[in-house]
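Hello,

Here is the structure I promised to pass on. Please open it alongside this email, and my notes will follow below.

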Amino acid sequence: MPAEPRLSPMPKDWQRALAVVAHPDDLEYGAAAAVAEWTAAGREVSYLLVTRGEAGIDGLAPRECAQVREAEQRAGAALVGVHTVEFLDGHQDGTVQAGTALRRDLAAAIRRHRPELLITLNHHDTWAGVHWNTPDHRVVGRAVLDAAGDAGNRWIFPELADTRGLAPWNGVRWVAVAGSPHPPTPPRSAPASTARSPHWPPTARTSGACAAPTRTRTPTRAPSSSRCCAPAANATAATRQPSSRSFPARF
């Protein structure tokens with residue numbers, strides 16, 4: 001079995017982060033351990049959930065399931081020092097659609113929260129090349145990467161500024177992808193000054209579910225209704241986000 005690549009520490013020169021995922025409990029499988037460490041150090045982290053996970057419990061009708069999972073997510077976030085948890089409307093669990101509607105919603109959230117670091121979940125086809133990833137994870141993860149650039153371009157979704165007062169935010173400097181099986185590598189055309197690609201070291205694991213991107217074993221609460229997450233290999237990777245819309249690394 002090939003050895004896992006040596007990963008560099010996450011950058012520390014940021015103060016505000018926004019984590020964007022598809023469902024309640026997506027962050028609790030690993031990334032929340034790092035969030036706990038960051039908030040304990042005085043950094044501000046907010047959560048944005050694209051859905052309420054209403055299709056996640058077979059024995060509960062979607063309306064009831066959404067209430068249960070939203071409450072669990074808020075409780076889990078509070079345990080790791082996250083005080084702002086928001087849920088989007090208009091996107092359905094299991095059938096999140098890629099496109100401009102989702103990108104607009106995410107760009108609006110980025111403009112509102114003005115983060116330096118964005119966090120999302122593995123957007124690749126598989127977990128570690130073994131287990132198939134869900135459509136929602138793939139769609140939302142990719143949309144987050146696009147929205148990082150959309151948020152800073154005043155000509156993309158100009159209605160956000162014109163009708164909602166959300167000025168462009170070009171301050172996203174890093175995008176971190178939890179559970180990514182592919183650590184980013186600089187593209188051939190990237191100048192040396194933009195090719196820096198630090199990663200989160202996957203040194204802690206929670207019940208073998210997936211790697212927790214932190215140096216310490218910080219306990220996190222996995223909601224009782226959690227959908228199953230497949231094991232992740234190289235856990236979480238972060239890449240620097242330049243001022244332009246292009247990313248200096250492959251994901």
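Below is what I found, going from the whole chain down to single residues.

First, some housekeeping. This is a predicted model, in which local features need pLDDT of at least 70 and side-chain atom pairs count only at pLDDT 80 or more, while totals for chains, interfaces and linings use all residues. Residues are numbered from 1 along each chain as its sequence is written, and side-chain values use heavy atoms, with hydrogens and water left out.

**The chain as a whole**

The secondary structure comes to 5 helices and 10 strands (DSSP runs numbered from the N terminus: H or I of at least four residues for helices, E of at least two for strands). Of the 251 residues in the chain, 54% are buried (buried is under 20% relative accessible area, exposed is over 50%, and partly exposed is in between, with a 1.4 Å probe and protein chains only). Taking contacts between residues at least 6 apart in sequence, 78% join residues at least 24 apart (a contact means heavy atoms within 4.5 Å).

**The tryptophan pair**

The chain has 1 aromatic pair (rings of Phe, Tyr and Trp, the last by its six-membered ring, with centres within 6.5 Å; planes under 30 degrees apart are stacked, over 60 edge-to-face, the rest tilted). Trp-14 and Trp-38 form an edge-to-face pair because their planes stand at 90°, with ring centres 5.1 Å apart. Trp-14 sits in the segment before strand 1 (16-21) and Trp-38 in helix 1 (residues 31-40), so the pair ties together parts that are 24 residues apart in sequence. Both Trp-14 and Trp-38 are buried. Arg-43 also lies over the face of Trp-14, 5.0 Å from the ring centre (the rule asks for NZ of Lys or CZ of Arg within 6 Å of the ring centre and within 35 degrees of the ring normal).

Thr-120 belongs to strand 4 (residues 117-121) and is buried, at 1% relative accessible area. Leaving aside residues up to four places away in sequence, Thr-120 touches several residues, among them Val-20, Val-140, Val-144 and Ala-178.

**An exposed residue**

Leu-79 is in helix 2 (residues 62-79) and counts as exposed, at 60% relative accessibility. Its C-alpha atom is 7.9 Å from that of Ala-36, 43 residues apart along the chain.
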